[in-house]
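Q: I have a model open and would like to learn how to read it. Can we go through it feature by feature?

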Amino acid sequence: MEKKNINWSELGFGYMPTEKRYVSNYKNGAWDEGGLTDDATITMSECAGVLQYAQTVFEGLKAYTTEDGRTVMFRPDLNASRLADSARRLEIPAFPEDRFMQAVNDVVKANLAYVPPYGSGATLYIRPFIFGSSSVIGVKPAEEYQFRIFATPVGPYFKGGAKPITIKVSDFDRAAPHGTGHIKAGLNYAMSLHAIVTAHEEGYDENMYLDAGTRTYVEETGGANFLFVTKDGTVVTPKSDSILPSITRRSLMTVAEEVLGMKVEHRQVRFDEVKDFAECGLCGTAAVISPVGKIVDHGKEICFPSGMEKMGPVIQKLYDTLTGIQMGRIEGPKGWLYEVK
Ligand code: PLP
Ligand code: COI
């Protein structure tokens with residue numbers, strides 16, 4: 001397969017239309033058979049459920065070229081089931097998980113020329129989503145929906161790649177208790193836009209959100225879960241009903257415990273214990289593992305001993321092992337790599 005002539009190592013995290021995308025429409029209570037299309041444009045009612053009341057959910061996953069030249073995706077079955085969970089919470093009909101698997105496979109296969117080569121530092125980001133496409137003016141679910149998947153080659157989510165970032169403790173909340181923080185709804189990201197623009201204006205890379213109910217516990221950032229390392233090397237990740245159950249975080253906990261033999265804890269993390277950790281990072285599909293060097297809480301700085309130049313040693317080890325599994329250099333747990341065929 002001849003790859004596109006793209007300067008892979010210069011790519012940022014942006015949208016570049018690729019050749020094919022998948023579309024299936026839901027009407028009269030059923031999903032149609034769906035298929036690939038060249039058309040990157042959507043035409044719908046001005047009163048569509050997604051436009052009026054933000055009735056939309058999405059996923060994010062990546063395809064990689066392995067060291068031995070295979071094209072793989074990392075645990076796409078978990079994206080299929082999380083999309084279905086997200087859909088049910090917003091009264092959107094779930095897209096069947098077996099059909100999701102076939103559709104992501106077909107999108108990657110149809111865009112193989114855009115899957116970045118091994119070692120380029122780039123990946124193919126895949127964005128499945130479902131939205132209410134028929135008109136609604138009273139507040140209620142739409143009757144018709146579209147499920148769509150496009151793919152776009154991307155580089156690092158944070159400029160500077162593996163260089164530690166600085167984040168601030170946000171004055172805004174991202175998700176309410178008993179709300180929608182645990183699903184991947186577009187509305188959660190709309191909620192975070194003013195906060196992220198404000199943080200960027202103030203010179204920060206991201207926001208740390210605390211629990212909206214008590215502002216005592218660490219939740220997550222706008223697009224990634226937190227990962228902490230204690231001074232004695234235990235990996236700690238925050239537990240909360242209002243954060244997204246990150247597939248990267250769940251995978252890292254398994255890697256830490258079962259592959260690297262580390263101690264792991266998935267528990268509530270009080271903000272006032274953050275200053276005692278040795279390392280901090282963000283994890284997610286887009287973020288991979290991005291080290292955090294500094295957290296600023298209304299002028300008070302928490303500077304991690306790992307510093308602002310490079311990842312701390314434990315996070316580096318987790319990063320090397322996870323990306324090693326994703327790129328096929330290291331044998332991971334059975335079933336984690338799905339080969340595109
Ligand atoms: N948290 C939020 C709010 C996200 O948007 C994402 C990205 O999907 C994550 C966490 C990380 O989840 P995952 O590792 O499944 O990509
Ligand atoms: C992902 O990691 O796939 C996400 O959806 C996060 C988003 C902020 C880009």
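This is a predicted model: local features need pLDDT of at least 70, side-chain atom pairs count only at pLDDT 80 or more; totals for chains, interfaces and linings use all residues.

Q: Where is H178 found?
A: H178 is in the loop between β9 and α4.

Q: What is the phi of H178 near?
A: First the general idea. Most residues other than glycine have a negative phi. Now the case here. H178 is not a glycine, yet its phi is positive, near 65 degrees.

Q: What is the phi of R75, and where does R75 lie?
A: R75 is not a glycine either, and its phi is positive at about 50 degrees. R75 lies in the loop between β6 (71-74) and α2 (76-89).

Q: Is R75 buried or exposed?
A: Buried means under 20% relative accessible area. R75 has 15% relative accessibility, so R75 counts as buried. H178, with a positive phi as well, is exposed at 81%.

Q: What about values between the two cut-offs?
A: Such a residue is called partly exposed. F172 is a case: its relative accessibility is 35%, so F172 counts as partly exposed. F172 is in the loop between β9 (165-169) and α4 (186-201). That loop also holds H178.

Q: How far apart are F172 and L318 in sequence and in space?
A: Read the two separations side by side. F172 and L318 are 146 residues apart in sequence. From C-alpha to C-alpha, F172 and L318 are 31 Å apart in space.

Q: Where is K341 found, and is K341 buried or exposed?
A: K341 is in the segment after β17 (337-339). Its relative accessible area is 63%, so K341 is exposed.

Q: What separates K341 from V169?
A: Along the chain, K341 and V169 are 172 residues apart. Their C-alpha atoms are separated by 44 Å.

Q: Now a strand residue. Where is I149, and is I149 buried or exposed?
A: I149 is in strand β8. Its relative accessibility is 0%, so I149 counts as buried. I149 and T248 are 99 residues apart in sequence. In space, I149 and T248 are 20 Å apart, C-alpha to C-alpha.

Q: How do I read a polar contact inside the protein?
A: Look for N or O atoms within 3.5 Å of each other. Take S134 as the case. The side chain of S134 reaches the backbone nitrogen of E144 at 3.0 Å.

Q: Where is S134 found, and is S134 buried or exposed?
A: S134 is in the loop between β7 (123-132) and β8 (145-154). S134 has a relative accessible area of 12%, so S134 is buried.

Q: On to the ligands. How many residues surround ligand 1, and which are the closest?
A: Begin with the shell, then go to single contacts. Ligand 1 is surrounded by 16 residues. The closest are Y189, E220, S246, T248 and T285. Both α5 (247-259) and β14 (279-284) supply at least two residues of this shell.

Q: How do the residues of the shell around ligand 1 divide?
A: Five are nonpolar, seven are polar and four are charged.

Q: Which side chains have a polar atom 2.5 Å from an oxygen atom of ligand 1?
A: Y189 has such a side-chain atom, at 2.5 Å. T248 has one at 2.5 Å. T285 also places a side-chain N or O atom 2.5 Å from an oxygen atom of ligand 1. Next, check the cover. On its own, ligand 1 has 380 Å² of accessible area, and the protein covers 97% of this.

Q: Which residues surround ligand 2?
A: Ligand 2 is surrounded by F13, F58, G60, Y125, R127, Y157, K184, G223, T285 and A286. By class, five are nonpolar, three are polar and two are charged.

Q: Which atoms lie 2.6 Å, 2.7 Å and 2.8 Å from oxygen atoms of ligand 2?
A: A side-chain N or O atom of Y125 is at 2.6 Å. A polar side-chain atom of K184 is at 2.7 Å. For A286, a backbone N or O atom is at 2.8 Å. Taken alone, ligand 2 exposes 280 Å², and the protein buries 90% of that.

Q: Which pocket holds the ligands?
A: Ligand 1 takes up the space of the largest pocket.

Key: Residues are numbered from 1 along each chain as its sequence is written. Chains are lettered from A and ligands numbered from 1 in the order in which they are written. Side-chain values use heavy atoms; hydrogens and water are left out. A residue is near a molecule or strand if one of its heavy atoms lies within 4 Å of it. A polar contact is a pair of N or O atoms within 3.5 Å; within protein, one must be able to donate a hydrogen and the other to accept it, and residues adjacent in sequence count only if both atoms are side-chain atoms. Accessible areas come from the Shrake-Rupley method with a 1.4 Å probe; for residues, only the protein chains shown count as cover. On a 1 Å grid over the protein atoms alone, a cavity is a set of points where a 1.4 Å probe fits but cannot get out, and a pocket is an open set with protein on both sides within 12 Å along at least five of seven lines; lining residues have an atom within 4 Å of a point. A molecule sits in a cavity or pocket if more than half of its atoms lie within 2 Å of its grid points. Helices (H or I, at least four residues) and strands (E, at least two) are DSSP runs, numbered from the N terminus. Ala, Val, Leu, Ile, Met, Phe, Trp, Tyr, Cys and Pro count as nonpolar, Asp, Glu, Lys and Arg as charged, and the others, Gly among them, as polar. Buried means under 20% relative accessible area, exposed over 50%, partly exposed in between (1.4 Å probe, protein chains only).
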